[in-house]
Amino acid sequence: MSLYSGLSTLPPDALLGLMVAYREDARPEKFDLGVGVYKDEAGRTPILSAVKKAEARMLAAQDTKVYEGPRGNVEFCSHVEDFVFGADHPARKQGRTLSFTAPGGCGALFAGVSLMRRMGTKKVWVSNPTWPNHPNVVKSLGLAVAEYDYAVGGRLSPTGILDALMRAEPGDGVIIQGPCHNPTGIDIPYRFWTTLGELAKAKGLVVMIDVAYHGFAESLDKDMAGVRAFLDAAGEGMVAYSCSKNFGLYRERTGCFLALGATPEGITAATTHVADIGRATWSMPPAHGAGIVATILGDKELRAEWEAELTSMRERMIALRKALSDALVAKTGSNELAELSNQNGMFSQLPISPDGAKKLREELGLYMPSSGRINIAGINANDIPRIAEILATAL
Ligand SMILES: Cc1ncc(COP(=O)(O)O)c(C=O)c1O
């Protein structure tokens, strides 16, 4: 008997298990399409050079480790507001926006769902499929999860999304992913964002947009156009922003929670609640990553260097997508696989069954989760012909 004997053992995290199995696989030919991080041509996840320089400057200038306060780094928050709302958005001067440094995009998601719960939300809609941590955060806060169908045959399913959200109740929460949907790579086009904003406003839905891949789809500006169109049409909404991927700051836990409100009074009240949610969980947000981002974005040269590095990550992913899509179409003739080159970001989801994924791993050394998600940014360009050959056996 132990204090802990009432606990059942949870199943291991499938993705982490896959990483261990890949590492321990002694076969000379093996491919890892399962990882969730950006990798360069050499298979590394490098520290960006703008980050290294900003970090050195910061460490030289830093003379205290005292708490920064509940909002964390306010310059960082202001830069992320520039990205999300735009530098001149009138709501900012009218006190209708808020922003808080958060421990990664996940910290921001947690703050947002916690705020929804305090607003009376009982149920949160997530896309089907989605990144598993969305339902995980919702359930961990005691709220119910509902799903809206997101994609069919490698393309967005606007009717799937609208049919579900028409059934949502006023006050329901909805998490919608911004650019580079994880796991499908299928994004919402600009005009549909406006439709969704109008629907959210008409039905009183509490929408949080999860932006984890800003700059990975087309450009910093274009990637945020849909998010802004949604917020303009809805008039209110929340955003969870992550710097893990676009600044390569994964372990520094760097994110921002933002909200736009119809009235300054609403945002003043929401601000006290977000501060209270932070106080009860992480107390004060981590400083290091937000300091790096603020240093980069506040300096012309470092910012230009970061933008160039971001562009080269994006261009590498776009080239790999095209090459893999062409190779898979040549092998299978499938229109669905031709769609891969129209998708965005690190991920795509292939029509491969869990059994198919298991067979690829066990018999041919190609690792991918049972969902069929592949990380395009984990591929070496020279391996594409062989990877396409292997994948085609399961397609
Ligand atoms: C869809 C999505 N949202 C949010 C995140 C947030 O990540 P982090 O908490 O590491 O910033 C990720 C990271 O993989 C993601 O894929």
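**Reading strands, helices and a ligand shell**

Tutor: Let's begin with a pair: Ser99 has Leu258 in β10 as its bridge partner. Keep in mind that this is a predicted model, where local features need pLDDT of at least 70 and side-chain atom pairs count only at pLDDT 80 or more, while totals for chains, interfaces and linings use all residues. Residues are numbered from 1 along each chain as its sequence is written.

Student: Which strands does β10 pair with, and in what sense?

Tutor: Strands (E, at least two residues) and helices (H or I, at least four) are DSSP runs, numbered from the N terminus. Two strands pair if DSSP finds at least two bridges between them. Here β2 and β10 pair in the antiparallel sense over seven bridges. Strand β9 (residues 237-242) pairs with β10 in the antiparallel sense too, over six bridges. Over there, Val239 stands opposite Leu258.

Student: Is β10 mostly covered or uncovered?

Tutor: A residue is buried if 20 or more other C-beta atoms lie within 10 Å of its own, exposed if 12 or fewer, and partly exposed in between, with C-beta atoms placed from the backbone. In β10, seven of its seven residues are buried. Thr254, Cys256, Leu258 and Leu260 point one way, while Gly255, Phe257 and Ala259 point the other.

Student: Now α10. Which of its residues are buried, and what do they pack against?

Tutor: Ile267, Val274, Ile277 and Gly278 are the buried ones. They cover an arc of only 95° around the axis, so they sit on the same side of α10; that arc is taken from the directions from the helix axis to the C-beta atoms. For packing, two residues are in contact if their C-beta atoms lie within 7 Å. The buried residues of α10 pack against β2 (97-103), α5 and β10 (254-260). The face turned away from the buried side carries the exposed residues Glu265, Thr272, Arg279 and Ala280.

Student: How far does α10 reach?

Tutor: You compare with an expected span, 1.5 Å times one less than the number of residues. Helix α10 (residues 264-281) has 18 residues and reaches 26 Å from its first C-alpha to its last, close to the 26 Å expected.

Student: And which residues come nearest to the ligand?

Tutor: A residue counts as near if its C-beta atom, placed from the backbone, lies within 6 Å of the molecule. Of the 13 residues around the ligand, Gly104, Gly105, Cys106, Ser242 and Ser244 come nearest. Helix α5 (residues 104-118) gives the largest share of that shell, three residues.
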